[in-house]
Amino acid sequence: MVGKTESQNGAVKATAAPAMNLESDLFSNFSFKSFKLKTKQQELLLRVSILGLVYILAFITRLFSVLRYESMIHEFDPYFNYRTTLFLTEKGFYEFWNWFDSESWYPLGRIIGGTLYPGLMVTAAFIYWTLRFLRFAVHIREVCVLTAPFFASNTTVVAYFFGKEIWDSGAGLVAAAFIAICPGYISRSVAGSYDNEGVAIFALLLTFYLFVKAVNTGSLAWALASAFGYFYMVSAWGGYVFIINLIPLYVLVLLITGRYSMRLYVAYNCMYVLGMLLAMQIRFVGFQHVQSGEHMAAMGVFFLMQVFYFLDWVKYMLSDTKLFQAFLRITVTSAVAVGALALGVGTASGYISPWTGRFYSLLDPTYAKDNIPIIASVSEHQPTAWSSFMFDFHILLFLFPAGLYFCFKKLSDATIFIVMYGLTSMYFAGVMVRLILVATPAVCLISAIAVSATIKNLTSLLRTKSKTAVAGSSKGTGGSKASSKASFDQSQPFQKNGAIALLLGAFYLLSKYATHCTWVTSEAYSSPSIVLAARGAHGNRVIFDDYREAYFWLRQNTPPDAKVMSWWDYGYQITAMGNRTVIVDNNTWNNTHIATVGRAMSSYEDEAYEIMRSLDVDYVLVVFGGVTGYSSDDINKFLWMVRIGGGVFPVIKEPDYLVNGDYRVDKGAAPKMLNCLMYKLSYYRFGELVTEYGKPPGYDRARGVEIGNKDIKLEHLEEAFTTSNWIVRIYKVKPPNNRW
Amino acid sequence: MAKLLLYLTLATSLIPLFSVAFSPENPTDRRVLVLVDDFAIKSSHSLYFGSLTSRGFQLEFKLADDPNIGLQRYGQYLYDALVLFCPSVERFGGSIDVASIVDFVDSGHDLIVAADSNASDLIREVATECGVDFDEDPAAMVIDHINYAVSNFDGDHTLIASDDFIKADAPVLFQGIGHSLNPANSLVLKVLSASSSAYSANPKSKLSNPPSLTGSAISLVSVVQARNNARILITGSLSMFSNRFFRSGVQKAGSSIKHEKSGNEQFLTEISKWVFHERGHLKAVNVRHHKVGESDEPAIYRINDDLEYSVEIYEWSGTSWEPYVSDDVQVQFYMMSPYVLKTLSTDQKGHYSAEFKVPDVYGVFQFKVEYQRLGYTSLSLSKQIPVRPYRHNEYERFLPAAYPYYGSAFSMMAGFFIFTIVHLYSK
């Protein structure tokens, strides 16, 4: 049966193929000379139009959320970015640069200008000002919402050029198409996801492309351009550390494999020195770039490069190889010794700061879990599950090794770079979920090489076969290829059919990839997470807009200088949408302050009251999903509050909240759990509520249990506001008793 | 537009309403509701009431179980102070109950509670809300076999002559139930306490158990100044306000001095002046701060700024605001803990000021004045002000220590320039 369809297919193709060959013959025989220019033009036209379509596709595929909800900022961090951008456009750059924000981290405040990467805000403000200058009366929010898709489109162009640089223009086109719809990238760049990563991936890829270009050409101009690309990356995202470690590693690998060249010397030195000087202009980076442990590799490689150059020169001067060998040994030993000594002294004296916790947790995935609960508590810092690799990469996951094979087969400076980029970023993607994003461009490029090379081989197989039949030896791209083809001549029909089947398979896979990507984008990555959607009983869509309801309530009904205490997740949103002062927010720079809030949430009410009084807290905000079944609420995050609080204040002990290691909220829960502030605030008056038909009152739908403490009395707090679906509950802290 | 006008007229018409009760301009109470068990008290305690009316109070006498009494109407309090001379009332008439009395106090009004032996549960409950517990034995009275007042009609030593208070001209006569202070309450104070030989028991019956309240733990008269400066007076003796006690002479047992007149009148007049805010009422106005040499209040300070903080404090003399003079008013520059604590200097005319340097720490600070002195209303002022670090262009531009580096940078530039020229054109 199978054989039959195959042979039939083969027959059909066999009839089609001569027609095609006839056409190409026409080209080659009749008017080859006169059409040559024309084909090139056609190719250019084709390439530009494909690229143009990819550019548009990358933009529009990210607009699901705008169509489905509205033009709004998503999630948590983007609200901070939006708020700062608003400030930048209203007050100007210098005010922004020197902004001391007294509305967050009360009472410590935060020097915003010195603790953020301003690239994103400046980019959006620049787009905004440009549009204003061109008399487009846009609102800054629209600009912010569409910044990420716009930069995703630009990334496709960079991916094209990068692909062209490391392989050929076909691979570039495929890479552009892949990256335009790859879910791993879309997850951080849908419309409304106004976060650093949206711009940073563009900058990252641009820097890499320009650097590879500089290495390939040895041109100062490209190296300079890559230094500026690096500067933009540093200004946009903390992930620049990846660049400043990957590039030295790459250089080191080239040195070790004996691929040292003047081109490399020029490219790296120019890029490092200028990039460093530029990066130090960003206040948040500053002297870290020459002092912190994460940047030391780049500096070491820089010095090593000079040693190499010096050795090269000595080798050129010395004719005696034996003498040179001795000299080499002494020089290398002393250079390494001096470097190690400098590093040791610098670290011991505190001049070189040690690696940060995040960096450690990248190299040792278990580090954060044991030592820094605040890093481990962030969901996007969790180790990646296999399913999310499949979800985010789909067929690219299988094409990636194939691409690596092609890269190794045709090893060059550029392919070594992309291989190293791919392998390191894949490792990091395995350590942290969010770093899938960094791996995505590499995976797309390498897979594109695989797809492009395979399809090219297959199509050329289809074509050259008939050509060899007709002309014996066409002008053929490579003589060796033609000769290898000739040896396969006897199995031609099988090969032809196989090639066609493989081609069809490839198209099937690629179309599957496209549908998968679109489906993922529309289903998983286009929800703003500030507005929740669920399916109702009749299949209709139910929208829970409780967050905004609560924040607008805060904005309208509380005094302007009111201080709101909540878990840090909601800090940015409260300041941006509620316009109220918060105690802690998503910029988790002060662990003690967060631990204080964690301690307050996990203490008994009267102890918590003392803490809240000392922080001048006026309102407490908790997120509660027991009514709607919304599972990422504060009760589910509560153990992290206990851990983080207990990390600083040992009076808080995690076992007090667990029963035999189980975390539960029902009747069997630990007594401390049933009476701590978070439990009380979440479940206050919940015992009276019937949430689900046929269940007792006080049935928590998020955890599927009946709660253990239904009779909750609040002494020092009073309920101020609960949203319509109970997702956000706000309590007012009472003043101290008047007569006591 | 019409709506706006309506709001405006409403707002303007409400202003006088607000200013009637306990206005900062005139803190003294004006309208006093006196609840009595029996109108006979009006005449038997007329000296005390007379002293109040002569000081300008409008007293309104009502029976405690009058069904028409109420403390507020349409959300407005009708009285500035409440006097409960009804120790035996079991249930108030009208809308008054314990909760409404507590609300009355919590919204800044004053209260005098006089109980007696056989005080009702209701009165006990009011007292408990104010941090005072009367002896649980309803028939108990304070008995003192040593410091009793010599009299010809009292044989069981329940008439106590107490001089345990400041500046006693003559002992104060007290006859009634004793109370103790709730240790959890930090605001209640003993004004007149029993002597160490006193105890609380039923004088009619034999003492079978040791008395629960003894010695100077027994308070005879207590006051509370709530956090909102409402003042409460609680006493276990209604008769100490009576004309009989006011007029009677007093001779303490074991003492040969016989005072012509008891200290009750002076004591109760002065203490009701305090309770009704004729004394010891402070106000702070014109809280200002600015940089030294400027006069406008900035929205934010910079670290190491020199600033000046000033406040004016006045004391109510009963008729007018007089400058308050003291040398112990302190200001804190506070962020979780005081970074600066400085005593304000005064010009003797009520103006207090201090100059200090903002600490080298940025954050959201507060100017705090926490002035709590016995007998005075507590002043707690706090004003929030952020302190920012230096701007990028506020640092020193050229550091002397860095001259070698400037020198090396410029010499490098010059050297490079020369080198380029030599390299390019020396052939």
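**Exercise 1. The interface of the two chains**

How much area is buried between chain B and chain A, and what percentage of it do carbon and sulfur atoms give?

*Solution.* This is a predicted model, in which local features need pLDDT of at least 70 and side-chain atom pairs count only at pLDDT 80 or more, while totals for chains, interfaces and linings use all residues. Residues are numbered from 1 along each chain as its sequence is written, chains are lettered from A and ligands numbered from 1 in the order in which they are written, and side-chain values use heavy atoms, with hydrogens and water left out.

Step 1. The size of an interface is often given as the accessible area lost when the parts come together. Buried area is here the accessible area (1.4 Å probe) that two parts lose on being put together, summed over both.

Step 2. Between chain B and chain A this area is about 2200 Å², and carbon and sulfur atoms give 55% of it.

Step 3. Counting contacts (heavy atoms within 4.5 Å), one finds 29 residues of chain B touching 19 residues of chain A.

Step 4. Polar contacts are pairs of N or O atoms within 3.5 Å; within protein, one atom must be able to donate a hydrogen and the other to accept it, and residues adjacent in sequence count only if both atoms are side-chain atoms. Across this interface, 12 residue pairs are in polar contact, both residues being at pLDDT 80 or more.

Step 5. Helices (H or I, at least four residues) and strands (E, at least two) are DSSP runs, numbered from the N terminus. On the side of chain B that touches chain A, helix H4 (98-106), helix H5 (121-129), strand E26 (363-371) and strand E27 (379-388) each supply at least two residues, and E27(B) gives the largest share, four residues.

Step 6. Sorted by class, that side of chain B has 14 nonpolar, 10 polar and five charged residues, where Ala, Val, Leu, Ile, Met, Phe, Trp, Tyr, Cys and Pro count as nonpolar, Asp, Glu, Lys and Arg as charged, and the others, Gly among them, as polar.

**Exercise 2. Salt bridges between and within chains**

Find how many salt bridges there are between chain B and chain A, and describe the pair of Glu95(A) and Arg391(B).

*Solution.* Step 1. Side chains of opposite charge can pair when their charged atoms come close. The rule asks for a side-chain nitrogen of Lys or Arg within 4 Å of a carboxyl oxygen of Asp or Glu.

Step 1. By this rule there are 38 salt bridges over all chains, and three between chain B and chain A.

Step 2. Within chain A, Arg83(A) and Asp101(A) form a salt bridge through their side chains (2.9 Å, N to O). Because Arg83(A) lies in helix H4 of chain A and Asp101(A) in strand E1 (residues 100-101) of chain A, the pair ties together parts that are 18 residues apart in sequence. Both Arg83(A) and Asp101(A) are buried, a word that stands for under 20% relative accessible area, with exposed meaning over 50% and partly exposed in between (1.4 Å probe, protein chains only).

Step 3. Between the chains, the side chains of Glu95(A) and Arg391(B) are joined by a salt bridge (3.2 Å, N to O). Glu95(A) is partly exposed, with a relative accessible area of 34%, whereas Arg391(B) is buried, at 19%.

Step 4. In chain B, a network of salt bridges links Lys291(B), Arg302(B), Asp305(B), Arg388(B) and Glu394(B).
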